[in-house]
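Keep the 3D view open as you read.

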Amino acid sequence: MKKTTYNVSRRTFISHSSKATIALGIGSSLVGSAFLTACGGEGEETEEASILLSTGFEQTPLGYDYAALEPHIDAMTMEIHYTKHAAAYAKNLGEAASEEGVDVSKPLEEVMMNISKFSTKMRNNGGGHYNHELYWKIMSPTGGGEPGGDLSEAINGAFGSFADFKTKFEDAGKGRFGSGWAWLVLDKNNLLQIGSTPNQDNPLMDVSDFQGIPLVGVDVWEHAYYLNYQNRRPDYLAAFWNVIDWKAVGDRYNTIVKGA
């Protein structure tokens with residue numbers, strides 16, 4: 001099969017200079033001045049930034065035990081979610097990449113931003129894999145509390161207060177009909193926005209009605225919460241604040257803003 005070409009090149013995404021940026025390509029335009037910073041391997045700082053922001057095509061090990069987020073997210077849900085649902089997305093993504101001639105040494109973000117060029121299989125499974133990889137990384141057994149530093153100031157500036165932010169975010173998750181995801185993103189003007197996407201779509205996709213660079217993504221498919229919360233999605237969303245890793249989210253925010 002002929003190899004797929006991208007609007008955003010590997011050289012743009014990960015250069016061997018001290019710092020490289022990737023513009024969010026939506027069709028033939030850019031998402032304003034918002035840049036997802038991804039750095040090459042020259043120096044400790046740039047390598048850490050690349051690891052933080054770029055997503056591979058294979059499932060990464062979970063950073064904590066299945067029971068570590070209890071009682072907010074139960075062990076059985078975590079095990080099934082990670083080993084069955086998320087693992088299936090990763091497997092099917094690998095198949096789609098092989099079938100469509102995608103270079104899996106490149107960041108998955110490149111595919112997401114040009115998803116209109118690919119199959120439904122790639123969209124569903126690439127989105128599912130990207131979304132879950134972020135979801136696992138922004139939760140922690142020692143999570144909860146409130147963000148600090150620049151992220152806290154940005155949240156207060158965008159939404160009025162942390163309490164108002166939580167309400168608006170939960171409303172986005174509760175209001176998503178059927179299955180999907182709730183998001184906190186940086187938009188084209190480097191401002192925080194809250195929204196949601198259906199199914200396994202995400203704000204990086206060029207076909208999405210809600211676009212930006214994801215900072216927080218919360219799975220509102222029933223498989224993410226049904227064993228513990230049944231049909232009580234609002235309770236699951238409220239419990240999420242007890243496990244969110246604000247340090248991880250703040251690191252993403254600071255790295256992206258620094259590179260914009």
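In which loop does Asn-114 lie? Asn-114 sits in the loop between helix H4 (108-112) and helix H5 (120-137). Helices here are DSSP runs of H or I with at least four residues, strands are runs of E with at least two, and both are numbered from the N terminus. Before going on, note that this is a predicted model, in which local features need pLDDT of at least 70 and side-chain atom pairs count only at pLDDT 80 or more, while totals for chains, interfaces and linings use all residues. Residues are numbered from 1 along each chain as its sequence is written, and side-chain values use heavy atoms, leaving out hydrogens and water.

Asn-114 is buried, with a relative accessible area of 1%; buried means under 20%, exposed over 50%, and partly exposed in between, using a 1.4 Å probe and protein chains only. The side chain of Asn-114 reaches back to the backbone oxygen of Glu-110 at 2.9 Å. Asn-114 and Met-205 are 91 residues apart in sequence, yet their C-alpha atoms are 6.7 Å apart in space.

Follow the chain onward into H5. Of the 18 residues of H5, 13 are buried, so this helix is largely enclosed by the rest of the structure.

Now step back to the whole protein. It has 10 helices and 5 strands, and 52% of its 260 residues count as buried. Among contacts (heavy atoms within 4.5 Å) with a separation of 6 or more, 69% join residues 24 or more positions apart.

Another loop to visit is the one between helix H7 (162-175) and strand S3 (180-186), where Arg-176 lies. Leaving aside neighbours within four places in sequence, Arg-176 is in contact with Trp-181, Ser-196, Thr-197, Pro-198, Val-220 and Arg-233. Arg-176 and Trp-221 are 45 residues apart in sequence and 9.8 Å apart in space, C-alpha to C-alpha.

Finally, turn to helix H8 (residues 226-229), the place of Leu-227. Is Leu-227 buried or partly exposed? Leu-227 counts as partly exposed, at 48% relative accessibility.

Notes
A polar contact is a pair of N or O atoms within 3.5 Å; within protein, one must be able to donate a hydrogen and the other to accept it, and residues adjacent in sequence count only if both atoms are side-chain atoms.
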